[in-house]
Amino acid sequence: MIIALFRRLGEMVFVLVAISVLVFLIFFATPGADPAARIAGRGATPAILAAVRHSFGLDQPLPVQYFLMMKHLFITQDLTSFVNPGELVVPAVVQAIPVTLSLVFGAAVIWLVLSTIVGVVAAVQRGKWIDRVLMFLSLVGVSMPVFWLGEVANLLTQARFHNTWLFSWVPALGYVPLTSDPAGWFKSLVIPWLVLAVTYVGLYGRVLRANLVEAMGEDYIRTARAKGLSERQIIFRHALRMSLITLVSMFGLDFGALVGGGALLIEVVCSLPGVGMLTYQALQNLDLPFIMAAVMYGAVFIVVANTVVDMLYVVIDPRARDAR
Amino acid sequence: MSEALLDMRDLCVSFRTARGVLPIVEGVSFQMARREILSVVGESGSGKSLTALSIMRLITDPNAVMTGEIWFQGRDLLAQPAEEMRRLRGGAIAMIFQDPMTALTPVYTVGAQIVEQIRVHQDVSKSAARKRAIELLGAMGIAAPRDVAGRFPHQLSGGMRQRVMIAMALSCDPALLIADEPTTALDVTVQAQILELLLKLRTDFGSSVLLITHDMGVVARVADRVVVMYAGRVAEAGATAEIFQSPQHPYTMGLLDAIPKLYGPKLKRLPAIPGAPPSPFERPPGCAFAPRCAHEVPACDTRPALAMVAGRDVACWRAGVR
């Protein structure tokens with residue numbers, strides 16, 4: 001257990017170093033990304049540029065610059081923005097994390113519940129019209145890009161039907177912290193939750209249906225029938241329980257990716273100041289410190305999510321316990 | 001035969017397919033007495049497994065059509081409502097399957113799976129059910145039943161799993177145990193142990209056993225009576241000793257000839273029945289075995305009915321003629 005944990009930590013450090021080097025190099029290879037020009041502002045003379053370069057340490061060799069940046073990011077944690085000089089990077093990311101967590105967590109609850117219902121109902125009603133309708137809707141859900149769906153949802157709830165009874169409760173776009181106003185937090189996130197969940201309901205519903213249908217043909221289901229279990233017990237205790245194994249690993253990866261910054265599109269569309277939004281702004285401004293911090297945060301989260309999945313795996317699949 | 005435990009009358013199982021209705025089991029009838037071990041023998045595709053599954057009503061294919069009557073303890077199983085049938089399954093009738101490696105759900109301990117079955121049929125506490133499960137595992141010859149009950153299926157050998165399956169099947173004292181090729185997936189020494197166990201069931205548990213197999217050796221060891229099936233029909237049925245001594249149907253003869261003998265002249269090659277059984281789409285209108293039979297006569301163009309010859313039922317025109 002301890003060894004496994006250390007191995008994970010080692011993996012994480014390796015992944016972080018590799019990604020940070022990559023991000024760093026890509027940034028400096030990008031044309032027009034020269035941070036000195038941005039810091040110095042428009043129409044700066046070559047002399048001012050050189051001075052800025054010197055004061056920010058941008059005239060040093062790239063490896064030195066890299067280590068300086070890592071030192072400021074991880075050790076002294078006082079890395080500042082290139083675009084808005086003086087703006088600290090680490091507190092900005094820390095502030096954005098609860099927003100992203102709220103968004104993804106709520107959406108995950110919705111998509112897990114709904115996709116389980118969709119998958120089970122479709123598998124039980126296999127081949128009947130309800131199965132076909134659910135699978136068609138799932139396909140539609142998977143196919144709708146989240147940014148488009150978000151815009152449509154905004155259009156309907158913020159503009160077109162905002163004055164009707166249906167959507168008059170929807171607050172203006174933005175985030176309300178859970179600690180200051182729980183009801184407001186909930187209201188501000190319901191629409192983004194639903195929008196984000198749609199794709200995953202479709203995807204998970206389809207995967208779960210396929211898994212269940214496959215499981216229902218297995219020998220142990222025949223045994224369960226021969227034991228005299230009811231259909232409900234067979235589906236929930238045996239077939240669904242086995243299908244969960246694949247779903248858990250899928251969920252861990254998707255959840256990790258979303259919390260790690262994958263929710264960027266929905267955060268931007270719904271004006272939620274989460275990590276994705278931060279990344280988006282940083283990318284727009286080519287603000288390397290922010291990009292670096294956001295990517296590092298995302299990488300940490302994805303590796304952590306992977307570790308959690310692996311640990312969960314051992315809990316839900318006894319066969320995995322003996323494998324190591 | 002009112003005292004029969006199981007009385008199958010003219011069971012037919014067919015499947016609706018794109019090429020029309022496909023009959024697999026065509027009019028199978030037999031009876032089983034209490035505490036009897038009856039073996040149904042036949043090669044793959046003879047319909048023996050479907051016959052067994054019909055008793056449990058475990059054919060889940062929506063295109064399957066079953067007709068006939070299966071009387072069990074005074075009830076026609078094919079006419080029972082689904083809920084009543086569910087109560088019988090695992091209760092009065094239990095079944096074990098060919099491949100114990102895949103027949104248990106991998107994520108639960110074997111003890112929990114036995115407890116589950118007990119609690120579906122009996123109103124007992126979890127701990128009482130668990131105690132019973134451990135008792136049963138012990139009765140199946142498992143050395144450390146308490147320890148085994150806490151293990152997962154993948155941690156047990158094939159033979160152990162089949163013992164677990166049998167323990168589970170017996171957990172609610174079934175009057176009838178259906179064993180569908182219970183030893184096929186096991187190695188020979190384990191096979192022998194499992195057969196011993198099945199033999200003991202009628203004395204220890206008072207259960208009848210319907211043993212589905214393709215192995216004549218298994219039949220000779222344990223069965224009181226045999227039903228030989230060919231192409232969905234009964235070819236010959238009677239007491240094991242009589243059938244092994246003087247088979248009347250040429251198919252039975254062929255099966256018995258294919259067993260290597262310990263004594264007598266050394267054979268160059270083991271005799272085999274020429275050809276292969278007809279596919280369900282191409283079963284001949286007459287005797288289904290005629291195309292492979294060495295004794296074919298013109299009468300074989302019409303199908304022979306089961307008739308009592310030399311103390312057993314045979315479906316052959318030439319039975320008793322010799």
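The points below take the interface and then the aromatic rings.

1. Conventions. This is a predicted model, in which local features need pLDDT of at least 70 and side-chain atom pairs count only at pLDDT 80 or more, while totals for chains, interfaces and linings use all residues. Residues are numbered from 1 along each chain as its sequence is written, chains are lettered from A and ligands numbered from 1 in the order written, and side-chain values use heavy atoms, without hydrogens and water.

2. Extent of the interface. Chain A puts 21 residues in contact with 27 residues of chain B, contact meaning heavy atoms within 4.5 Å. The buried area between them is about 2100 Å², and carbon and sulfur atoms give 60% of that; this is the accessible area (1.4 Å probe) that the two parts lose on being put together, summed over both. On the chain A side, Arg222(A), Ala226(A) and Lys227(A) lose the most area to chain B, together 28% of what that side buries.

3. Two salt bridges are found across the interface of chain A and chain B, by the rule of a side-chain nitrogen of Lys or Arg within 4 Å of a carboxyl oxygen of Asp or Glu. A salt bridge joins the side chains of Arg237(A) and Glu116(B), at 2.8 Å from N to O.

4. Make-up of the chain A side.

5. Aromatic pairs. The whole structure holds 14 aromatic pairs over all chains (ring centres of Phe, Tyr and Trp, the last by its six-membered ring, within 6.5 Å; planes under 30 degrees apart are stacked, over 60 edge-to-face, the rest tilted). Phe186(A) and Trp193(A) pair edge-to-face, 5.5 Å centre to centre with 75° between the planes. Phe186(A) is partly exposed at 45% relative accessible area, whereas Trp193(A) is buried at 6% (buried is under 20%, exposed over 50%, partly exposed in between; 1.4 Å probe, protein chains only).

6. A pair in chain B. Tyr230(B) and Tyr251(B) form a tilted pair, 4.5 Å centre to centre and 55° between the planes. Tyr230(B) lies in strand S9 (residues 225–230) and Tyr251(B) in helix H10 (residues 250–257) of chain B, so the pair ties together parts 21 residues apart in sequence. Both tyrosines, Tyr230(B) and Tyr251(B), are buried.

Notes: Helix = DSSP H or I, 4+ residues; strand = E, 2+ residues; numbered from the N terminus.
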